[in-house]
Amino acid sequence: MPDTRQKTFVSVVAYYSPEGELRPLRILWRDGHHYPIDRILDVCPAASMKAGGCGTRFTCRIARQITYLFYEEGRWFVEEKRPAPSV
C-alpha cells in the first residue's frame, strides 16, 4: 500500500534573527507535546509531494528522526501519516 500523508498544521516556536533569518526551535503538537528540533539539516524552497502545498522546507532532526517541516504563507505544517483505509 502506498504511503499516504496529509498536511497537518502545527504550532512552532521559532527564532527570528535581526538579519531576517527564520529558524524553528520546536514543534507543539495538537495533543500538547513539545518536540524540540535537535538540528536543522537543510533549508530550501520546496513542494510537499506527499501532502500538497509548497513553501520553505526545513529538513529537521527530531529525536533521531528526519522530519520535513514546511513554512507556507505564514503557517507551519508537517506531512502526517494517514491511517490506511479499511477494506
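**Exercise 1. Work out how far apart the mean positions of the positive and negative charges of the protein are.**

Start by picking the charges: Lys and Arg are positive, Asp and Glu negative, with His and the chain ends not counted. Next, place each one at NZ of Lys, CZ of Arg, CG of Asp or CD of Glu. That gives 13 positive and 10 negative charges, and their mean positions lie 5 Å apart.

A quick note before going on: this is a predicted model, where local features need pLDDT of at least 70 and side-chain atom pairs pLDDT 80 or more, while totals for chains, interfaces and linings use all residues. Numbering runs from 1 along each chain as its sequence is written, and side-chain values use heavy atoms, leaving out hydrogens and water.

**Exercise 2. Classify the ring pair of Tyr-71 and Trp-76.**

Rings of Phe, Tyr and Trp (its six-membered ring) pair if their centres lie within 6.5 Å; planes under 30 degrees apart are stacked, over 60 edge-to-face, the rest tilted. The structure has five such aromatic pairs. For Tyr-71 and Trp-76, the centres are 4.6 Å apart and the planes make 50°, so the pair is tilted.

**Exercise 3. Find which charged ends sit over the rings of Phe-9 and Tyr-68.**

First, the test: NZ of Lys or CZ of Arg must be within 6 Å of the ring centre and within 35 degrees of the ring normal. Arg-75 sits over Phe-9, 3.6 Å from the ring centre. Arg-57 does likewise over Tyr-68, at 4.4 Å. Finally, ring pairs link Phe-9 and Tyr-68 into a cluster with Phe-70 and Phe-77.
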